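Please read each point with the sequence and the structure side by side.

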Amino acid sequence: KGQNPVFPRILGHEAAGIVESVGEGVTDLKAGDHVLPVFTGECKECRHCKSEESNMCDLLRINTDRGVMLEDQKSRFSINGKPIYHFVGTSTFSEYTVCHVGSVAKITPLAPLDKVCILSCGISTGLGATLNVAKPPKGSTVAVFGLGAVGLAAAEGARMAGASRIIGVDLVPSRFELAKKFGVTDFVNPKEHSKPVQEVIVEMTDGGVDRSVECTGNVNAMISAFECVHDVWGVAVLVGVPHKDAEFKTHPMNLLNERTLKGTFFGNYKPRSDLPSVVEKYMNKELELEKFITHEVPFAEINKAFDLMLKGEGLRCIITM
């Protein structure tokens, strides 16, 4: 609804696969390579790619309206001579797809594709938001707003970083039990309190948490996530994507008291440079991916996967092509 209606197109943006063939001029990949297609890219040539501080490639940054390949502005998909358009450079709801080389991360062939596929978007986003941006010190307190897959990945990052207390904030009480598997120690349901949830968290933590990560996209949750961090050293990281008309409002004193507000895109990971090491974390058993995977369906039953997502009944449903 928030995008230009480019149809017909092949949707899907979170996947793992094997290179079938490469086009002219592609030297970084070859047939048989195991890869993660990623909705954003890394051309390795632009100012952003050359900066250690950025993962927002000028050439291949996410573009929901582009439905064609960059090289010739044409689609590589068609039916009966008519084009079918691409989606965020990946179009993964398909047995075969065509991607720009900069949107494909080569990974170890030893990694099981039906597990590491979830690292191509949501899990890496939440994990990186904590490990790369919030950077909680060992023993610190962390609040995570929204306990869907991305929020639980943020909690997993806090667990891996050695946080002593991880407070999960969500409106759905049934999510709390599952969240314990991801290191969440305390739960707050804003509906159960008469005062703003940030005040509840400040009271629970003697002045506020050291770090917070917001994974809902709700602007009120974003404000709460910022206002619940401790003054001077508190850092809040926004991950969720807000409504286009949303406005973030807080009193300037919250910033003057030396709280820090940050945003992140794809967990600050550069897709081609950084994802192979995230896959290695899984291979080394530092990162558990199995607990994010709650369902599996064959491609023919893809609508079941959408039903599960819309009902909030699972975290990740793997679709086998």
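1. Contacts of D33. Leaving aside residues up to four places away in sequence, D33 touches G17, I18, V19, D28 and K106. The model is a predicted one, and these contacts should be read as part of that prediction. D33 lies in the loop between β1 and β2, the latter covering residues 34-37. The relative accessible area of D33 is 7%, under the 20% limit, and D33 is therefore buried.

2. An unreviewed UniProt entry places the feature "domain: Alcohol dehydrogenase-like N-terminal" at residues 5-107. Over residues 5-107 the chain is 4% helix and 16% strand. The C-alpha atoms at the ends of residues 5-107 are 33 Å apart.

3. A cis peptide bond. Which form does the peptide bond from F7 to P8 take, cis or trans? The bond is cis, and its omega is near -5°. P8 is found in the segment before β1, which spans residues 17-18.

4. Two residues with positive phi. S91 has a phi near 45°, a positive value in a residue other than glycine. This residue, S91, lies in the loop between β4 (82-84) and β5 (104-107). K285 is found in the loop between α9 (271-283) and β12 (293-298). Are these residues buried or exposed? S91 counts as buried because its relative accessibility is 0%, whereas K285 counts as exposed because its relative accessibility is 72%.

5. The second annotated span. The feature "domain: Alcohol dehydrogenase-like C-terminal" is placed by UniProt, in an unreviewed entry, at residues 149-280. Residues 149-280 are 37% helix and 15% strand. The end C-alpha atoms of this span lie 20 Å apart.

6. Surroundings of S164. S164 is found in the loop between α4 (149-161) and β7 (165-169). With a relative accessible area of 47%, S164 is partly exposed. When residues up to four places away in sequence are not counted, S164 touches G139, S140, T141 and T185. For S164 and T185, the separation in sequence is 21 residues, and the C-alpha to C-alpha distance is 8.7 Å.

7. Packing of α3 and α4. Two packed helices are described by the angle between their axes and the distance between the axes. The axes of α3 (residues 122-134) and α4 come within 7 Å and cross at roughly 40°. That angle makes α3 oblique to α4. The crossing of α3 and α4 is right-handed. On the α3 side, the contact is made by G122, I123, T125, G126, L127, T130 and L131. On the α4 side, the residues are A149, V150, A153, A154, E156, G157, A158, M160 and A161. Sorted by class, the contact of α3 with α4 has 10 nonpolar, 5 polar and 1 charged residues.

8. Packing of α6 and α7. How do the axes of α6 (residues 197-204) and α7 (residues 219-227) meet, and at what angle? They come within 8 Å and cross at roughly 25°. Because this angle is under 35 degrees, α6 is roughly parallel to α7. The crossing of α6 and α7 is right-handed. V197, Q198 and V202 of α6 make the contact with I223, S224 and E227 of α7. By class, this contact of α6 with α7 has 3 nonpolar, 2 polar and 1 charged residues.

9. The setting of α7. How many of the 9 residues of α7 are buried? The helix α7 is mostly covered, with 7 of its 9 residues buried. The buried residues are V219, A221, M222, I223, S224, A225 and F226. These buried residues of α7 pack against the helices α6 and α8 (253-256). They also pack against the strands β6 (141-145), β9 (211-214), β10 (235-238) and β11 (260-263).

Notes
Residues are numbered from 1 along each chain as its sequence is written. This is a predicted model: local features need pLDDT of at least 70, side-chain atom pairs count only at pLDDT 80 or more; totals for chains, interfaces and linings use all residues. Side-chain values use heavy atoms; hydrogens and water are left out. Axes are lines fitted to C-alpha atoms, for helices over the stretch in contact, and angles run from 0 to 180 degrees between N-to-C directions. Angles under 35 degrees count as roughly parallel, over 145 as roughly antiparallel, 65 to 115 as roughly perpendicular and the rest as oblique. A crossing is left-handed if the near helix is turned anticlockwise from the far one by less than a right angle, and right-handed if clockwise. Contact means heavy atoms within 4.5 Å. Ala, Val, Leu, Ile, Met, Phe, Trp, Tyr, Cys and Pro count as nonpolar, Asp, Glu, Lys and Arg as charged, and the others, Gly among them, as polar. UniProt positions are given in the numbering used here, feature names are shortened, and annotations may be inferred rather than shown by experiment. Buried means under 20% relative accessible area, exposed over 50%, partly exposed in between (1.4 Å probe, protein chains only).
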